[in-house]
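Colleague: I am new to reading protein models. Could you walk me through this one, feature by feature?

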Amino acid sequence: MEGHVIRIDIQSKHFGGTQVLGPVRFDIQPGETVALVGPSGIGKSTVLRIVSGIDDRFEGTVQRPENMAIVFQEPTLLPWRSAVDNLLLTHTDLDRAGAEAALDRVGLAGRGAAFPGELSLGMQRRLSLARAFAGRPELLIMDEPFVSLDTEMADQMMNLTEALIAQTRPATLFVTHARAEAERLADRILELRGKPATHVG
Ligand SMILES: Nc1ncnc2c1ncn2[C@@H]1O[C@H](COP(=O)(O)OP(=O)(O)OP(=O)(O)O)[C@@H](O)[C@H]1O
């Protein structure tokens, strides 16, 4: 899939008087998967919020594509909308058949009419992934997508995510605490260190 380089050039980020981030500069190539690791509280989520545009109060620049998807730790589904409608409301150019196909790809064939509350937590996470990939994002951002899952479910979700990334080839940036997860999924690992944090790798 064609795409543009995503260029992150953060000079600094403060919360009140506290500088949390120093220079954090990296590119993500089209189709590349980059993991962001580092200890709790170092600033990983802050970097993701800046890269995604949720937080624009920082010094520096980010060049990102418009077509972007974000997967949060917990599924952020609309509870009073069916699985299919959760996809259609996010992707207005998707038709019902396209939404059903997206559900199919994550193992939710035939569950289009179900409400999120009628689905198991694992299925809700699958639905979140289906929604993220249905728009064929050029940039995919994931914040601790496999945290708080048991080993088997985490493994299943990683397999599914790997397969969806291989099909869609977005540039991907994801945060994880788990080095093994980073090594399994990422082409490149960036580690945040120090106060204010900057990156190694
Ligand atoms: N809205 C905020 N206001 C003030 N300080 C904040 C805010 N958000 C984050 N911080 C501080 O910025 C630092 C980085 O937080 P951040 O959540 O980015 O870390 P993290 O590496 O993602 O941590 P974790 O792995 O625990 O999620 C922390 O010291 C945190 O307390």
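Predicted model: local features only at pLDDT ≥ 70, side-chain atom pairs only at ≥ 80, totals over all residues.

Colleague: What is the mean pLDDT of the protein chain?

Modeller: pLDDT is the predictor's confidence in each residue, from 0 to 100. Here the protein chain has a mean of 92, and 99% of its residues reach 70 or more. The model also scores ipTM 0.96 and pTM 0.91.

Colleague: Which domains does the assignment give?

Modeller: Domain bounds come from an automatic or database domain assignment. For this chain, domain 1 covers 1-67 + 136-201, and domain 2 covers 79-135. Their centres, taken over C-alpha atoms, are 24 Å apart. Ten residues from domain 1 and nine residues from domain 2 make the contact, where two residues are in contact if their C-beta atoms, placed from the backbone, lie within 7 Å.

Colleague: Which helix gives the most to the side of domain 1 that touches domain 2?

Modeller: Helices are DSSP runs (H or I, at least four residues), numbered from the N terminus. On that side, helix α5 (residues 151-168) gives the most, with six residues.

Colleague: Which residues surround the ligand?

Modeller: A residue counts as near a molecule if its C-beta atom, placed from the backbone, lies within 6 Å of it. The shell includes Phe 15, Val 20, Lys 44, Ser 45 and Thr 46. Helix α1 (residues 44-52) supplies the largest share of this shell, three residues.

Colleague: Which residues of helix α3 are buried?

Modeller: Count other C-beta atoms, placed from the backbone, within 10 Å of a residue's own: 20 or more means buried, 12 or fewer exposed, and in between partly exposed. In α3 (residues 96-105), Ala 99, Ala 102 and Leu 103 are buried. Seen down the axis of α3, these buried residues fall within an arc of 100° (the arc of the directions from the helix axis to the C-beta atoms), so they line one face of the helix. Their cover includes α2 (83-90) and α4 (121-134).

Conventions:
Residues numbered from 1 in each chain as written. Helix = DSSP H or I, 4+ residues; strand = E, 2+ residues; numbered from the N terminus.
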